[in-house]
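Load the model in a viewer and keep the sequence panel open. The stops below are given in the order in which to select them.

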Amino acid sequence: MRIRIVDAFAERAFAGNPAGVVLLDAFPEDGWMQNVAMEVNHAETAFAHPLPEGADADWALRWFTPVTEVAMCGHATLATAHVLVTTGTHPGTVRFATRSGVLIATPGTDGTITLDFPTAPLTRLDAPDGVTEALGAEPVAVFDTGPNVGDLLVELADEKTVLGLSPDHRALGAYSERGIIATARAEDPASGYDYVSRCFFPNVGIDEDPVTGSAHTALAPHWSGRLGADDLTGLQASRRTGLVRTGLRGDRVLLTGHAVTVIDGELFTP
């Protein structure tokens with residue numbers, strides 16, 4: 001079977017967040033998919049198969065990190081839609097049936113793909129004991145991001161603080177289901193982005209995720225409220241970096257970005 005490696009939220013190869021994409025006739029047993037994801041060893045590997053005509057969605061979609069299945073993944077959804085579009089398998093808008101409900105991906109005329117995801121519900125919390133030491137910075141505000149995202153969103157004082165983080169990854173795992181989203185307002189909005197973030201997910205085997213679509217379903221409502229605008233651009237400042245255009249639409253968030261196929265190969269496995 002074919003397997004692709006796609007760099008999502010990137011306009012060039014070796015940027016953004018790489019994801020494995022495997023298109024199937026039906027889902028095999030979970031252990032096989034987990035083993036493939038472990039072998040690929042990227043933040044997520046997506047597995048998808050077509051659904052029958054008349055179903056509520058067009059394709060079923062699941063995502064696995066190297067160590068576990070996850071409930072939501074933005075960059076691997078973007079990568080899967082990119083493969084469907086560029087191979088002509090499903091060239092238009094596609095509806096994915098997932099553990100987080102039906103997620104929609106729409107290709108644009110400019111080569112981008114826009115994802116329609118549920119907005120993460122944000123609940124303000126007191127900063128948990130020890131999170132300052134684990135993260136290496138003092139929180140300005142802390143929020144729970146709800147069950148689909150499963151992170152603690154931590155706003156920090158400024159962009160420089162976010163860029164300079166060197167956290168204790170093991171300690172960060174104590175504060176949420178998946179990990180920590182650290183964020184701050186852009187120092188210079190004229191630079192092409194409105195806010196900056198970094199994402200640390202030790203509980204799913206990812207010390208730092210390069211670019212995280214699901215995190216932006218929480219970042220979008222947070223910064224839209226702070227900055228007074230529904231349409232913003234976030235820079236995820238990992239080593240690979242990536243830009244995510246976010247559009248807050250009530251209980252939905254639009255996530256827009258490019259993707260590039262880097263590897264198209266054949267998977268040999270029992």
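Select arginine 245 first: threonine 256 in strand 17 stands opposite. Strand 17 covers residues 252-257 and runs antiparallel to strand 16, with five bridges joining them. Helices (H or I, at least four residues) and strands (E, at least two) are DSSP runs, numbered from the N terminus, and two strands pair if DSSP finds at least two bridges between them. This is a predicted model, in which local features need pLDDT of at least 70 and side-chain atom pairs count only at pLDDT 80 or more, while totals for chains, interfaces and linings use all residues. Residues are numbered from 1 along each chain as its sequence is written, and side-chain values use heavy atoms, with hydrogens and water left out.

Stay on this hairpin and pick glycine 250, which takes a positive phi near 70°. Two residues lie between strand 16 and strand 17 here.

Now extend the selection to strand 15 (residues 231-236), which pairs with strand 16 (residues 242-249) in the antiparallel sense over six bridges. Leucine 235 has leucine 243 in strand 16 as its bridge partner. This hairpin has five residues between its strands, and threonine 241 in the turn has a positive phi of about 60°.

Serine 197 is in strand 13 (residues 195-201). Is serine 197 buried or exposed? Its relative accessibility is 0%, so serine 197 counts as buried (under 20% relative accessible area; exposed is over 50% and partly exposed in between, with a 1.4 Å probe and protein chains only).

Next, show the salt bridges, of which the structure holds twelve. Each is a side-chain nitrogen of Lys or Arg within 4 Å of a carboxyl oxygen of Asp or Glu.

- Arginine 4 and aspartate 264 meet at 3.6 Å, N to O. They link distant parts of the chain, 260 residues apart, with arginine 4 in strand 1 and aspartate 264 in strand 18 (residues 259-266). Arginine 4 is buried at 10%, whereas aspartate 264 is partly exposed at 43%.
- Arginine 95 and aspartate 58 have their closest N and O atoms 3.0 Å apart. Arginine 95 lies in strand 6 (residues 94-98) and aspartate 58 in the loop between strand 3 and strand 4, so the pair ties together parts 37 residues apart in sequence.
- Glutamate 155 and arginine 226 have their closest N and O atoms 2.8 Å apart. Glutamate 155 is buried at 10%; arginine 226 is partly exposed at 40%.

Move to helix 1 (residues 30-40), where the buried residues include Trp32, Met33, Val36 and Val40. Strand 1 (2-8) and strand 3 (44-50) are among the elements that cover them. Asparagine 41 follows the helix and has a positive phi, near 60°.

Finish with Trp63 and Phe96, which touch the most other members of the largest nonpolar core, a set of 50 residues. Such a core consists of buried Ala, Val, Leu, Ile, Met, Phe, Trp, Tyr and Cys residues joined through side-chain atoms within 4.5 Å. Helix 2 (residues 74-86) gives the most to this core, with six residues. A second, separate core of 20 residues includes Leu135 and Leu172.

Technical notes. Contact = heavy atoms within 4.5 Å.
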